[in-house]
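The following note sets out some points for a first reading of the structure. Please keep the model open while going through them.

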Amino acid sequence: MSDDSSRRNPKPNKSLGRRIIISVITLLIILAAAIGLMGYRYFQDALNPMNPRDTNVTQVHIPLGASNKQIGSILQTQKIVKSGMVFDYYVKSNNMANFRAGYYQLKPSMSLKAIAHRLQEGGTDQPIQSTKGKVLVREGANINQIASQVSAHTDFTRHDFLKLMKDQAYIKQLAARYPNLLKSAMKAKHVRYRLEGYLYPATYEVEKNTSLKSLVEQMVAKTNQIVIPHLAKIKKSGMNMQQFMTLSSLIEREGVNQNDRRKMAGVLLNRIDINMPLQSDVAVLYAIHRNNKTLTNKDLQNDSPYNLYKYTGFGPGPFDSPSISSMSAVLHPLDRSKNYLYFVANTKTKKVYYSKTYAEHQQQIAKHTDDNN
């Protein structure tokens with residue numbers, strides 16, 4: 001008898017294999033359909049406003065020559081649209097082009113159509129404020145700290161503010177308007193920011209449609225208003241404006257009360273007279289881009305021209321925005337005839353001790369070590 005089992009076995013194997021293939025193909029079709037449906041829903045959702053309820057204004061900068069794809073990426077990063085890719089597809093499919101560079105006031109509640117039309121209309125050549133606000137420049141704040149305040153309380157970004165601080169064309173315009181104030185600053189070498197020290201500490205109203213340039217000019221104009229009445233006395237002191245503002249900025253951060261500010265000014269001026277380094281911690285902190293830090297020997301050796309431990313003289317320029325009190329202290333120093341060259345403050349009692357020699361200074365430091373640690 002013949003055995004037919006060997007001829008019958010392949011049939012179930014072929015049938016099973018066929019079922020597996022069909023199952024896999026079916027699964028792939030279902031998966032593709034699901035992905036397609038999800039993609040369609042994502043696309044349809046991305047056509048809608050980012051957040052219909054969010055009417056807060058975001059200032060967006062579109063650079064010159066940006067492509068539709070780059071613009072979409074910027075809008076997505078700024079959280080104005082849900083998808084930069086969908087924005088790119090939308091404007092291309094609707095033949096929308098000729099988008100213009102500039103600063104725009106946009107909202108997450110805007111539709112893609114509204115955003116595209118706004119970009120075709122064109123923005124402003126500089127940042128502007130969308131609503132009324134206030135900016136507080138604190139006494140002793142430096143430009144980096146002011147940038148943070150501006151960013152926190154206006155539509156202007158920190159980047160835009162710091163970029164303006166490096167805009168030489170704009171700074172030259174200010175120097176032309178306020179020559180007595182900024183002439184020596186424009187000639188100074190190795191400065192980090194030419195306007196450092198010249199943004200007066202005060203509260204500034206920022207009206208709707210105020211530009212960033214006009215906000216900064218308010219600060220410079222306020223400094224000019226405060227300083228210029230004392231121009232003759234500053235010249236008589238033998239200092240130029242940059243040097244005067246530099247000493248004032250050091251006193252702003254060092255001084256405790258007005259009497260001590262005037263005495264400290266006397267100490268710094270005495271050091272200048274004998275070409276002795278000012279040895280200010282404030283200067284070193286600025287040199288190493290820090291506001292508060294326990295200084296190390298390595299910090300004191302930093303090669304920045306702002307390091308007044310290492311270099312004599314006034315340095316490149318101011319370290320912060322001084323108040324009228326600190327300026328007045330430099331114009332009216334106390335006890336210069338006592339030849340003080342050192343001072344140390346007791347951080348607990350806030351009392352300042354002055355010395356003529358380094359040995360006396362070291363004794364004072366030792367006396368107050370416990371309070372100052």
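Which residues do ring pairs link into a cluster? They are Tyr 286, Tyr 306 and Phe 319. The model is a predicted one, and the points below should be read with that in mind.

1. Aromatic pairs. A pair of aromatic rings is described by the distance of the centres and the angle of the planes. The count of aromatic pairs comes to seven. One of them joins Tyr 342 and Tyr 358: the ring centres are 5.9 Å apart and the planes stand at 55°, so the pair is tilted. An angle under 30 degrees would count as stacked and one over 60 as edge-to-face, so 55° falls in the remaining class. This pair links distant parts of the chain, with Tyr 342 in strand S5 (residues 342-345) and Tyr 358 in helix H17 (residues 358-367), 16 residues apart. Tyr 342 has 12% relative accessibility and therefore counts as buried.

2. A second tilted pair. Phe 343 and Tyr 354 also form an aromatic pair, with 6.2 Å from centre to centre and 55° between the planes, and this pair is tilted. Phe 343 belongs to strand S5 and Tyr 354 to strand S6 (residues 352-355), so the pair ties together parts that are 11 residues apart in sequence. Phe 343 and Tyr 354 are both buried.

3. Charges over rings. Two positions deserve a look in the viewer. Arg 192 lies over the face of Tyr 286, at 4.1 Å from the ring centre; Tyr 286 is also one of the residues in the cluster named above. Lys 166 lies over the face of Tyr 193, and here the distance to the ring centre is 5.0 Å.

4. Helix H12. How many residues does helix H12 have? The helix covers residues 241-254 and has 14 residues. From its first C-alpha to its last it reaches 20 Å, close to the 20 Å expected at 1.5 Å a residue. Of the 14 residues, 11 are buried, so H12 is largely enclosed by the rest of the structure. Among the buried ones are Met 241, Phe 244, Leu 247, Leu 250 and Ile 251. The cover over the buried residues of H12 includes helix H9 (179-187), helix H10 (212-227), helix H11 (231-236), helix H13 (258-273), helix H14 (281-287) and helix H16 (324-331).

5. Ser 248. Leaving out residues up to four places away in sequence, Ser 248 touches Pro 322, Ser 326, Met 327 and Val 330.

6. Salt bridges. Side chains of opposite charge can pair when their charged atoms come close. The structure holds eight salt bridges. One of them is formed by Glu 252 and Arg 261, whose closest N and O atoms are 3.9 Å apart. Glu 252, at 8% relative accessibility, counts as buried, and Arg 261, at 13%, counts as buried too. Asp 303 forms a salt bridge with Lys 310, with the closest N and O atoms 3.0 Å apart. Here Asp 303 counts as exposed at 51% relative accessibility, while Lys 310 is partly exposed at 38%. Asp 335 and Lys 338 form a further salt bridge, the closest N and O atoms being 3.9 Å apart. Asp 335 is partly exposed, with a relative accessible area of 21%, and Lys 338 is partly exposed, with 38%.

7. Apart from its neighbours within four places in sequence, Asp 160 is in contact with Tyr 103, Pro 127 and Leu 212.

8. Positive phi values. Most residues other than glycine have a negative phi. Asn 95 is not a glycine, yet its phi is positive, at about 50°. Asn 95 is found in the loop between helix H4 (84-93) and strand S2 (102-106), and it is exposed, with a relative accessible area of 71%. Asn 275 also has a positive phi, near 60°. Asn 275 lies in the loop between H13 and H14 and counts as exposed at 53% relative accessibility.

Notes. Residues are numbered from 1 along each chain as its sequence is written. This is a predicted model: local features need pLDDT of at least 70, side-chain atom pairs count only at pLDDT 80 or more; totals for chains, interfaces and linings use all residues. Side-chain values use heavy atoms; hydrogens and water are left out. Rings of Phe, Tyr and Trp (its six-membered ring) pair if their centres lie within 6.5 Å; planes under 30 degrees apart count as stacked, over 60 as edge-to-face and the rest as tilted. Helices (H or I, at least four residues) and strands (E, at least two) are DSSP runs, numbered from the N terminus. Buried means under 20% relative accessible area, exposed over 50%, partly exposed in between (1.4 Å probe, protein chains only). A charge sits over a ring if NZ of Lys or CZ of Arg is within 6 Å of the ring centre and within 35 degrees of the ring normal. Contact means heavy atoms within 4.5 Å. The expected span of a helix is 1.5 Å times one less than its number of residues. A salt bridge is a side-chain nitrogen of Lys or Arg within 4 Å of a carboxyl oxygen of Asp or Glu.
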